[in-house]
Amino acid sequence: ELSGELHNIFESYMTTCWMMENGNEKLKLIAQYGLSEKGIEKFEKDFPTSDKIMQSLDQKKVIISNISLIQNSLRVLLTQEGVSDIVEVPFFRKNEPYGVLEFYLKNKNSTETTKQLLNHVSVLITAICNIFHIKISNDEEVKRLHEEKTATEKRLTEKAESCGHELEELRQLQKL
């Protein structure tokens with residue numbers, strides 16, 4: 001949903017969201033906004049920015065590229081659609097690469113202002129990912145602590161019962 005909202009805010013021709021697959025250093029396309037089915041097929045065939053996506057993750061910074069650098073027929077299509085720049089916005093979880101938002105921007109606003117805004121978006125999404133990770137980790141820790149508490153209470157109850165039986169046996173021995 002966040003990708004879709006950002007797509008609308010930046011009035012992007014197309015917005016994609018790539019996430020790292022668990023235990024794998026491979027990116028997976030999880031959301032795409034702006035293209036038809038035919039457009040998606042064309043995009044997947046000519047996918048022009050895979051190296052830049054990995055660069056933005058490696059360098060941990062936003063990369064803005066003018067579409068004039070694209071060398072295939074996709075450049076013609078993007079030019080016809082009014083796209084001026086392709087932007088990769090990396091985000092992280094615990095300082096590890098987690099994903100990239102990619103915007104195909106149509107407007108020709110100030111590149112520096114756009115870059116600053118997108119850097120803030122990167123920091124914000126990274127913070128959100130970290131908050132969710134901490135929440136999930138804390139939920140798991142609370143569950144583990146609750147299970148540990150229950151097990152400790154059970155052992156304590158069993159020990160108290162055992163001591164009660166031993167006390168009763170001692171009383172009977174004392175009577176004898």
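How many disulfides does the structure hold?

## Cysteines

The structure, a predicted model, holds 0 disulfides. A disulfide is a covalent bond between the sulfur atoms of two cysteines. Two of the cysteines may be described by their accessibility. Cysteine 129 has a relative accessibility of 11% and therefore counts as buried, the limit being under 20%. Cysteine 163, with a relative accessible area of 41%, is partly exposed.

## Nonpolar cores

The largest nonpolar core comprises 16 residues. Within this core, Val89, Leu101 and Phe103 have the most contacts. At least two residues of the core are supplied by each of strand 1 (12-20), strand 4 (85-93), strand 5 (96-105) and helix 5 (111-175). Helix 5 provides the largest share, namely 4 residues. Apart from this core lies another, of 10 residues, which includes Met14, Leu74, Ile86 and Tyr104.

Leucine 101 illustrates the packing. When neighbours within four places in sequence are set aside, the contacts of leucine 101 are Ser3, Leu6, Thr16, Cys17, Val87, Glu88, Val89, Phe91 and Ile125.

## Salt bridges in helix 5

Over the whole structure, 2 salt bridges are found. One joins the side chains of arginine 144 and glutamate 148, with an N to O distance of 2.8 Å. These two residues are separated by about one helical turn, because they stand 4 residues apart in helix 5. Arginine 144 is partly exposed at 38% relative accessibility, and glutamate 148 is likewise partly exposed, with a relative accessible area of 43%.

Lysine 149 and glutamate 153 form a salt bridge in which the closest N and O atoms are 3.6 Å apart. Here too the residues are 4 apart in helix 5, so about one helical turn separates glutamate 153 from lysine 149. Lysine 149 counts as partly exposed at 48% relative accessibility; glutamate 153, with a relative accessible area of 40%, is also partly exposed.

## Other features of helix 5

Glutamine 116 lies in helix 5 and is partly exposed, its relative accessible area being 44%. Although glutamine 116 and valine 62 are 54 residues apart in sequence, their C-alpha atoms are 9.0 Å apart in space.

Leucine 173 is also found in helix 5. Its relative accessibility is 59%, so leucine 173 counts as exposed, the threshold being over 50%. Together with Leu170 and Leu176, Leu173 makes a nonpolar surface patch of about 400 Å².

Terms used:
Residues numbered from 1 in each chain as written. Predicted model: local features only at pLDDT ≥ 70, side-chain atom pairs only at ≥ 80, totals over all residues. Heavy atoms only, no water. Core = buried A, V, L, I, M, F, W, Y, C linked by side-chain atoms within 4.5 Å. Buried < 20%, exposed > 50% of the residue type's maximum accessible area, 1.4 Å probe, protein only. Contact = heavy atoms within 4.5 Å. Disulfide = S-S within 2.5 Å. Patch = residues over 30% accessible without salt bridge, like charges linked within 9 Å, V, L, I, M, F, W, Y side chains within 5 Å. Areas by Shrake-Rupley, 256 points an atom, 1.4 Å probe, with all protein chains shown as cover. Salt bridge = Lys/Arg side-chain N within 4 Å of Asp/Glu carboxyl O.
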